[in-house]
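Please walk me through this structure in the viewer. Tell me what to select at each stop and what is there.

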There are 2 protein chains.
Amino acid sequence: MEQMKVILSDSEIPRQWYNVLADLPTPLKPPLHPATGEPVKPEDLAPIFPMNLIEQEVSTDRWIDIPEPVLEKYLLWRPTPLCRARNFERLLNAPVRIYYKHEGTSPAGSHKPNTAIAQAYYNKVFGTKRISTETGAGQWGSALSMACQMFGLACRVFMVRVSYDQKPYRRIMMHTWGAECIPSPSELTEAGRMVLKQNPDSPGSLGIAISEAIEDVVSDPEARYSLGSVLNHVLLHQTIIGLEAELQMKMIGEYPDVVMGCAGGGSNFGGIALPFVRDKIYGKQVTIVGAEPTSCPTMTRGPFAYDFGDLAKKTPLLAMHTLGHDFVPAPIHAGGLRYHGMAPIISHLVREGLVEARAYNQLETFEAGINWARTEGFIPAPETDHVIAAVVDEARRAKEEGKEKVILFSWSGHGLVDLASYEAYLSGKLQPYELPEEEIERALKAIEGFPKP
Amino acid sequence: MEQMKVILSDSEIPRQWYNVLADLPTPLKPPLHPATGEPVKPEDLAPIFPMNLIEQEVSTDRWIDIPEPVLEKYLLWRPTPLCRARNFERLLNAPVRIYYKHEGTSPAGSHKPNTAIAQAYYNKVFGTKRISTETGAGQWGSALSMACQMFGLACRVFMVRVSYDQKPYRRIMMHTWGAECIPSPSELTEAGRMVLKQNPDSPGSLGIAISEAIEDVVSDPEARYSLGSVLNHVLLHQTIIGLEAELQMKMIGEYPDVVMGCAGGGSNFGGIALPFVRDKIYGKQVTIVGAEPTSCPTMTRGPFAYDFGDLAKKTPLLAMHTLGHDFVPAPIHAGGLRYHGMAPIISHLVREGLVEARAYNQLETFEAGINWARTEGFIPAPETDHVIAAVVDEARRAKEEGKEKVILFSWSGHGLVDLASYEAYLSGKLQPYELPEEEIERALKAIEGFPKP
């Protein structure tokens with residue numbers, strides 16, 4: 001009987017997160033205050049984030065202890081299994097060994113609780129009473145709802161309108177975990193009302209929802225905002241994925257030639273990749289690939305520039321690959337991959353050549369995902385289908401090159417709450433969506449006059 | 001840091017199923033041929049089931065080897081974790097230690113693949129080309145769709161109409177795994193047409209869907225029927241749950257005072273319970289409890305009698321607790337617990353006093369399930385909520401008695417594809433549903449004139 005999984009016991013869970021800021025060959029460009037053009041100071045962010053997370057955001061300590069109460073919640077489902085995709089390998093018939101880190105085993109069904117639990121905990125310690133956030137596909141909103149419930153915090157989620165309508169189950173998850181879920185744009189905020197005035201039928205976007213959530217907390221001293229991706233501390237919390245995977249690979253004497261993840265804001269990809277980026281910085285041979293949609297090709301086609309994280313320009317300016325803060329994504333089904341920007345850490349690593357990006361259209365991603373489900377059983381989230389398409393692509397390259405390769409990737413979540421997208425694909429209703437060239441011109445216009453990184 | 005889970009490595013998976021027929025103090029009453037009143041012979045069942053499964057159905061071997069190809073598929077998600085529900089314990093504040101076997105980690109989200117994989121394998125070996133089945137909530141139909149895909153068999157699922165309409169996601173899962181899903185009653189079979197003629201708006205029932213699936217295969221020599229619960233071989237396959245749990249409990253030096261499972265047809269309950277029933281037969285002190293809905297109180301209120309397994313009287317007569325083969329269940333949301341009968345093995349054990357049954361209404365079950373989700377994270381299936389209500393009840397008893405108790409139960413599946421039921425509960429739209437006394441009179445009439453067990 002061949003081994004299919006490498007598992008870790010509770011006592012083997014990593015006790016620290018890995019902070020790549022300690023090892024970057026060149027420093028990250030700092031976030032800038034839009035009014036002054038100067039780096040933002042911790043106190044500028046204080047109305048939005050709790051101070052303990054702001055400190056974590058700028059920390060350059062290599063290892064950061066995972067607090068005991070966070071570990072206790074992690075143990076509800078972590079460590080997650082590292083699985084060998086033997087059945088999928090047979091289908092591909094290429095010289096590859098494929099390992100996936102199964103993040104779909106969490107209660108919310110994705111990697112998102114890794115940071116939701118941590119953020120809820122730090123907010124609780126800081127004294128926050130209520131957290132407000134935005135969500136696209138709903139993976140993040142549901143994860144944060146659960147985490148807030150576990151630490152006794154109130155939670156309000158602004159959910160991108162098109163997902164709110166397409167994905168009622170995500171909303172019900174949030175209610176089941178005791179949170180409030182509001183379709184965005186909403187009448188609750190000035191940012192929302194402004195959009196609705198121009199377009200009462202606006203499908204919404206993450207950029208708009210972020211503006212609403214931030215506006216919602218700055219007027220309430222007991223409330224703070226929480227972001228499910230993009231920021232340094234979010235990627236930090238997600239490194240638990242890669243750290244466990246590293247340990248598990250070591251246990252079976254394997255080291256990956258290629259490490260992959262799908263990338264929306266960058267937290268899942270960063271989670272699996274950063275511990276291996278460290279190895280690469282110190283000389284190890286490893287290819288690290290982020291997979292994104294051709295409809296939202298932030299890293300593959302967006303400029304690296306200072307831009308806002310949201311539509312209403314309420315965030316600091318971040319140095320990142322961006323399609324412009326006014327980007328309105330195509331209604332593709334991978335809602336978690338429709339954000340206009342990419343985490344500054346990931347953007348920086350792309351620029352440094354430590355990480356590369358590849359884009360796939362949603363027809364090839366759903367095809368890959370269905371082949372996965374029919375061989376490995378688990379139905380992937382539409383986001384996860386992107387990395388599976390990248391794995392298929394990598395296996396084809398290995399076959400062409402006649403080179404044996406070990407592939408490791410983050411299977412970021414299951415698709416059981418996103419099944420409508422599979423129905424749309426199976427009934428032939430989906431378009432591939434390539435971003436038109438004019439959209440890049442619009443993006444360049446959106447960042448005109450901003451400082452250059 | 002307290003331990004939350006006991007996990008087994010791939011190599012520790014049990015290699016045999018446990019067959020309780022080898023240890024029963026008194027023999028099971030045999031299934032009878034309705035025409036002759038004589039015990040059915042294997043050849044009578046040959047048009048419906050493959051001969052290798054018929055042999056397994058009547059085997060009295062205590063241990064039955066799990067074939068290697070079945071083990072290989074099990075390893076996609078098995079062994080499943082045994083988890084300690086420490087957060088739920090704190091909420092209950094009773095002298096109990098609660099362990100749950102997490103069957104929600106399978107690709108289909110429930111325990112059903114344990115037998116689906118085995119049945120698809122045996123059919124493949126036998127030479128079956130197509131399998132037909134019925135499904136209530138859709139847990140079974142989706143599990144069998146996946147299993148058939150993995151072994152290269154075609155699959156047709158007759159899905160109870162009311163669930164087909166309420167649970168589109170289950171249907172999409174079946175499509176994603178390559179199966180055909182037909183709402184029942186349908187125009188495809190005589191049994192379906194008969195029901196539709198009397199009531200074109202029939203919500204359907206498992207009894208009707210079973211009739212349709214059986215009729216569908218008897219006319220096709222390359223097709224066989226598959227049942228997801230009730231029968232001896234199905235419970236046999238599910239004992240992997242209890243066998244793993246037994247091993248895991250032993251590893252931490254625990255033995256349960258109470259073993260619990262929710263019971264619809266009896267396969268989940270049998271799966272966790274039967275290895276402990278064996279201990280009890282040989283003198284061990286252990287309470288074994290099946291939890292069922294007050295709206296379908298098969299064991300708690302239904303007579304023990306010979307009855308058909310389906311509405312159109314196409315099955316043999318089975319000796320079991322039954323609410324009558326013409327039972328039409330209330331539209332409660334635990335679709336997997338609406339079957340009129342109970343597995344002959346479980347019914348026999350209830351009669352022998354080795355197992356007891358308790359009934360809970362759906363308001364108390366959803367309340368228990370939501371408290372579970374808010375403490376332990378995972379959102380249970382509406383079926384699973386029944387055993388959680390039983391755990392709450394047992395904890396209350398332990399508190400009243402001032403007695404320390406170890407509770408072990410099967411957490412049979414997650415509710416992420418059944419979330420509409422949670423919304424209905426949270427918005428106050430659900431009724432408790434107690435079965436009216438007239439329904440028991442109807443049941444007694446339905447079995448009038450049948451042989452007595």
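**Stop one: the core**

The model is predicted. Begin with the largest nonpolar core, which has 233 residues. Select A:W17, A:Y74, A:F409, B:W17, B:Y74 and B:F409, the residues with the most contacts inside this core. In soluble globular proteins, nonpolar side chains tend to be buried together.

Next, center on B:F409 and display its neighbors. Leaving aside residues up to four places away in sequence, B:F409 touches B:I98, B:Y99, B:Y100 and B:K101, then B:M260, B:I272 and B:W372, and also B:V387, B:I388 and B:V391.

**Stop two: the interface**

Now select the contact between the two chains: chain A gives 53 residues and chain B gives 53 residues. About 4,600 Å² is buried between chain A and chain B, with 63% of that area coming from carbon and sulfur atoms. Highlight A:M1, A:Y169 and A:R374, which supply 17% of the area that chain A buries against chain B, more than any other three residues.

**Stop three: polar pairs**

How many salt bridges does the rule find across the interface of chain A and chain B? There are four. To inspect a salt bridge, select the side chains of A:K5 and B:D10, which meet at 2.9 Å, N to O. Across the interface of chain A and chain B, 22 residue pairs are in polar contact, both residues being at pLDDT 80 or more.

**Stop four: the chain A side**

Color the elements of chain A that give two or more residues to the side touching chain B: α3 (68-74), α6 (139-150), α8 (168-176), α15 (362-376) and α17 (419-426). The largest share, six residues, comes from α8(A). Colored by class, this side of chain A has 27 nonpolar, 13 polar and 13 charged residues.

Technical notes. Residues numbered from 1 in each chain as written. Chains lettered and ligands numbered in written order. Predicted model: local features only at pLDDT ≥ 70, side-chain atom pairs only at ≥ 80, totals over all residues. Heavy atoms only, no water. Core = buried A, V, L, I, M, F, W, Y, C linked by side-chain atoms within 4.5 Å. Buried < 20%, exposed > 50% of the residue type's maximum accessible area, 1.4 Å probe, protein only. Contact = heavy atoms within 4.5 Å. Buried area = accessible area lost by both parts, 1.4 Å probe. Polar contact = N/O pair within 3.5 Å; in protein donor to acceptor, adjacent residues only side chain to side chain. Helix = DSSP H or I, 4+ residues; strand = E, 2+ residues; numbered from the N terminus. Nonpolar A, V, L, I, M, F, W, Y, C, P; charged D, E, K, R; others polar.
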